[in-house]
Amino acid sequence: MPGQHRLSVDELPAEAHRLIQVGVKSVLLFGLPESKDAEGTAAWADDGIVQQGIRELRRAVGDQLVVIADVCLCEYTSHGHCGILRDTSVDNDATLPLLARSAVSLAAAGADIVAPSAMMDGQVAAIREVLPDTPILAYAAKHASAFYGPFREAADSAPAFGDRRSYQMDPANGREAVSEILADIEEGADMIMVKPALPALDLIEAARAATAVPIAAYQVSGEFAAICAAAERGWLDRRAAALESLTAIARAGAGIIVTYFALEAAGWLREMDR
Ligand SMILES: [Zn+2]
């Protein structure tokens, strides 16, 4: 991931100040724990890495950044799956209380928004039950995608066996995406996320048409890396390609865009007076 780094807790304040200075208003945190186990217990530890990070951000910048915390187990499980296992498959229902527990811990640390990304059925309802007032950004439409590759390497979270197709969506099934989105809103989601972004522009548009809640789109690591790699070879103009892709995502209906270009793009938009 060119130009992207894992940050330690003590490096967060400087990065946060850089972001605020160019006009980025929110961050989405993912954790890389010191050790992983079969259940992913580090996900809900009071002194977990993201919990520490949130407290440090609050101390450094107060309310100047909206802090969104990813809620999943895959960065914390030794096997790299998003839930706990029974034999060799993910146990959806046994995973729900662990996701709820993680969300409570992250909210207690000071997260403004929790963002469950495990794609377990019922995950939004399970979190809503224990966190009645915390905004939930639900990853409602998350494809199994080849574009997640670079992130998994960076977060050391590639599944040790099998893949995530049993709980992530089939990219060929667009109607399932809309029903997942509506189900998540029904369960109590305040905002919904479509991921990846450019390969799923139609789903962003469909989500926008189907609901009035804010729509977020995640321009994932592989989308970012593909533009960077082509630009490094001189095949694409980095800035123009990045801005065109972000414009397309916004035009499709995303009011919130998660992107590794955020810091740069905010600077470009300033220069362009946009
Ligand atoms: Zn996950």
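How much space lies in the second largest cavity? About 40 Å³ of space lies in the second largest cavity.

## Basis of the model

This is a predicted model, in which local features need pLDDT of at least 70 and side-chain atom pairs count only at pLDDT 80 or more, while totals for chains, interfaces and linings use all residues. Residues are numbered from 1 along each chain as its sequence is written, and side-chain values use heavy atoms, with hydrogens and water left out.

## Cavities

The structure holds 2 cavities of 30 Å³ or more. On a 1 Å grid over the protein atoms alone, a cavity is a set of points where a 1.4 Å probe fits but cannot get out, and lining residues have an atom within 4 Å of a point. Grid points are joined across faces, edges and corners, and a volume is the space filled by probe spheres set on the points.

The largest cavity has a volume of about 180 Å³. Its lining has 18 residues, and Phe30, Lys142, Phe151, Arg164 and Lys195 lie nearest the centre. By class, this lining divides into 8 nonpolar, 4 polar and 6 charged residues; Ala, Val, Leu, Ile, Met, Phe, Trp, Tyr, Cys and Pro count as nonpolar, Asp, Glu, Lys and Arg as charged, and the others, Gly among them, as polar.

The lining of the second largest cavity includes Asp70, Val71, Cys72 and Tyr76. Two or more of its lining residues come from each of H2, E2 and helix H3 (92-109). Helices (H or I, at least four residues) and strands (E, at least two) are DSSP runs, numbered from the N terminus.

## Zinc site

Cys72, one of the residues lining the second largest cavity, also belongs to the zinc site. The zinc ion is coordinated by the SG atoms of Cys72, Cys74 and Cys82 at 2.3 to 2.4 Å. Donors are N, O and S atoms within 2.8 Å of the metal (3.2 Å for Na, K and Ca); water is not among the atoms, so sites may look incomplete. The donor residues follow the spacing C-x1-C-x7-C in sequence.

Both Cys72 and Cys82 are buried, where buried means under 20% relative accessible area, exposed over 50%, and partly exposed in between (1.4 Å probe, protein chains only).

## Aromatic pairs

Rings of Phe, Tyr and Trp (its six-membered ring) pair if their centres lie within 6.5 Å; planes under 30 degrees apart count as stacked, over 60 as edge-to-face and the rest as tilted. The count comes to 5 aromatic pairs. The rings of Phe30 and Tyr218 have centres 6.4 Å apart and planes at 50°, so this pair is tilted. Phe30 is in the loop between strand E1 (26-29) and helix H2 (49-61), and Tyr218 is in strand E8 (residues 215-219), 188 residues apart. Phe30 is partly exposed at 26% relative accessible area, whereas Tyr218 is buried at 3%.

Phe224 and Tyr260 also form a tilted pair, 5.6 Å centre to centre with 50° between the planes. Phe224 lies in helix H8 (residues 221-232) and Tyr260 in the loop between strand E9 (256-259) and helix H10 (262-271), so the pair ties together parts that are 36 residues apart in sequence. Phe224 is buried, with a relative accessibility of 0%; Tyr260 is buried at 18%. Ring pairs link Phe30, Tyr218, Phe224, Tyr260, Phe261 and Trp268 into a cluster.

Terms used
On a 1 Å grid over the protein atoms alone, a cavity is a set of points where a 1.4 Å probe fits but cannot get out, and a pocket is an open set with protein on both sides within 12 Å along at least five of seven lines; lining residues have an atom within 4 Å of a point.
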